[in-house]
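Please look over the model below before reading the notes that accompany it.

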Amino acid sequence: MSSASESSPQITPTDASESTERPRKSGISLAATRILLGWLLFVLVGQIFVWGFWEPPMGMSLQLLVTYGMVVVSTVVCLTWLAFFAPLSRTVRAAIVVPSLLLIGAFIGSVRDVEWTGDMGLIWHFKWDKPHQEKLAEYLETAETATPVSADAEIPEVTPEDMAEYRGPRRDGVVTGPELTTDWSASPPQEIWKHPCGEGYSSFAVLGDFAITLEQRGDEEVVVCYDAATGDTRWTHAYPAAFDEAMGGPGPRATPTIDNGQVFSVGAEGDLVCLDLLTGEPAWHVNILKQNNLPNLEWAISGSALVLGERVIVNAGGPDGNGLVAYDRNSGEVIWKGAGLKDLPPEGASRNWAGYSSPMLVTLDGVEQILSFEGPGLRSYDPETGESLWFHAFHSGGGDAGINVAQPVVLEGDRVFLSASYGRGCAMLKVSRSDDEWKTETLWDNKFMRCKFTSPVLYEGNLYGLDEGILVCLDGETGKRLWKRGRYGHGQVLLTNGQLVIVTEDGEIALVDASPDRFNELGVLKVLEGSKTWNPPALVRGRLYLRNHLEAACYDLHADDATPIETVSTSSSPDSE
């Protein structure tokens, strides 16, 4: 008995510790695996809900942010499980985790910078990609220059077919011109010219042979006049200014205005310049922010200049809006200021609620007035004095954001349509006057059209616009949504001859019937590089002038049997030879 006892294996303290440790580790590993599987199931169900059933008030932005968060957390959870809890040998775990971390590090290290689409989509730029400014510099070194125009050449007159200012003469996006081609499979739009351009979100102002826009080139903002027929540069005017912002990116936002031989341009940092249309020679230059002791907006000054007779009217802003300023077109001297710019403290305003829309001249209740969609809401001004006639609160974006971008739409019966994104929606107002008292009444208010960077258009009593990137048609009388189809992103919309010309955020042009009965897309064509085409286009005599922060182009859309509208030529005048 003693010998049997002596031959029995002896259990050491180390062996006992290991035997109890194994079940404990196995239990932790099993619990971690269950947590991992539960998280992945949650992610799967969550993504099905987010993309299949959820309609967030800010469109795809929140859906993408939720997805990004889930991807990052899932990556961390999976790597943590592989490193510490997977039922694999230490060697195998290391062979999986270490290369994964190296790949992630290599990817992050290869990224030069990141841009964002209007819905918070990521646009990656890698270190091996040539920066856009280098591409632009290479193009400018070899680009041809148009024949200079004599300073005493004939100045083209503005006709109803021209778009010499932001969104046309009424700023309503409605274009007078020839019929457009509708069979894009047999007769697609034809490229007239295309080339790199500077950054920013300005549109083209087009008159005769002149197509003028505002670009960011390095540390300068540059007013650029292109030949409308060839895309060659006629003249440029540059000055130091370099606005940049992480979400929107660099560059100016507003569109130059052409009027009676002069060009008026507003830069992102408040530079208002007056130039000669024919030569680009400057007449005067003021800074509307510095002059009024105002800070810039979060996404920069964006309103284009409105020219009324001898007055050049711009929106400098103010701590509560009410900050239009009228300058003398010939001297640059101030004629009048809105009340919001008076009696500001010596240290300046703490915020600027200018909004991101452009002032526009309208007639309501028989009275001519300027509408300005500012940060806190819609304000009406007397064009002669700058006095505020009435105000209607309409705020979007929360806090001090005041992100009102879309142009108001005026309907018959003294009605005004407003739209904004960031959860706000749209509303129809009725404006009336009794004696000298103005009042506004909300006829209807809903979330069926939430315009972020785009402006809607009106056709036969119905409203067409991009609701968080999806085309929608609303009954102007009731606000009822008639249809919602076609994902175009945060692009831009024009109306001509009962058709919608849409420039999508991805750089496509699309043609859609403006019909309340149904959505009918007639054609779509990719024309610009990039996925951030926020710039409004200009459609003049069947030719579409468009650009984004990378390229500028002109496409011919007019139908083959459409009667061409003669342009006024200045380059072939005797004085220019």
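## Basis and confidence

This is a predicted model, in which local features need pLDDT of at least 70 and side-chain atom pairs count only at pLDDT 80 or more, while totals for chains, interfaces and linings use all residues. Residues are numbered from 1 along each chain as its sequence is written, and side-chain values use heavy atoms, with hydrogens and water left out.

The protein chain has an average pLDDT (the predictor's confidence in each residue, from 0 to 100) of 91, and 93% of the residues score at least 70. Residues 564–577 have a pLDDT below 50, and this stretch makes 29 contacts in the model beyond near neighbours in sequence; a contact means heavy atoms within 4.5 Å. Where pLDDT is low, the predicted coordinates should not be read in detail.

## Whole chain

The protein chain contains six helices and 34 strands. Helices (H or I, at least four residues) and strands (E, at least two) are DSSP runs, numbered from the N terminus. Along the principal axes, the C-alpha atoms fill a box of roughly 125 × 60 × 60 Å.

Of the 577 residues, 53% count as buried. Buried stands for under 20% relative accessible area and exposed for over 50%, with partly exposed in between (1.4 Å probe, protein chains only). Among contacts in the protein chain with a separation of 6 or more, 57% come from residues 24 or more positions apart.

Helix α4 covers residues 90–110, and its 21 residues should span 30 Å at 1.5 Å a residue, which agrees with the 30 Å between its end C-alpha atoms. The expected span is 1.5 Å times one less than the number of residues. The buried residues of α4 are Arg-93, Val-97 and Ser-110. Seen down the axis of α4, these residues fall within an arc of 165°, so they line one face of the helix; the arc is that of the directions from the helix axis to the C-beta atoms. Thr-91, Ala-95, Leu-102 and Leu-103 are exposed on the face of α4 turned away from its buried side.

The buried residues of α4 pack against α3 (60–84), β1 (111–116) and β2 (122–126). β1 and β2 pair in the antiparallel sense over five bridges, where pairing requires that DSSP finds at least two bridges between two strands.

## Helix α5

In helix α5 (residues 132–142), the buried residues are His-132, Leu-136 and Tyr-139. Their directions fall within an arc of 65° seen down the axis of α5, so they line one face of the helix. Glu-141 and Thr-142 are exposed on the other side of α5. The cover over the buried residues of α5 includes β3 (190–196) and β5 (210–217).

## The β12–β15 sheet

Four strands form an open sheet in the order β12-β13-β14-β15, with antiparallel pairing. β12 (306–308) and β15 (334–337) are the edge strands, each pairing on one side only. Neighbouring strands of this sheet are turned by 25° against each other on average, direction ignored. Axes here are lines fitted to C-alpha atoms, for helices over the stretch in contact, and angles run from 0 to 180 degrees between N-to-C directions.

β12 and β13 (residues 311–315) pair in the antiparallel sense over three bridges. Leu-308 has Arg-311 in β13 as its bridge partner.

## Selected loop residues

Asn-322 sits in the loop between β13 and β14 (324–328). Asn-322 has a positive phi of about 55° although it is not a glycine, and is buried, with a relative accessible area of 11%. Tyr-422, in the loop between β21 (415–420) and β22 (425–434), has a positive phi of about 55° and is not a glycine either. Tyr-422 is partly exposed, with a relative accessible area of 23%.

Gly-491 lies in the loop between β27 (481–487) and β28 (492–496). Gly-491 is buried, with a relative accessible area of 0%. Leaving aside residues up to four places away in sequence, Gly-491 touches Thr-454, Leu-466, Val-503, Thr-504, Glu-505 and Thr-533. Gly-491 and Val-114 are 377 residues apart in sequence and 20 Å apart in space, C-alpha to C-alpha.
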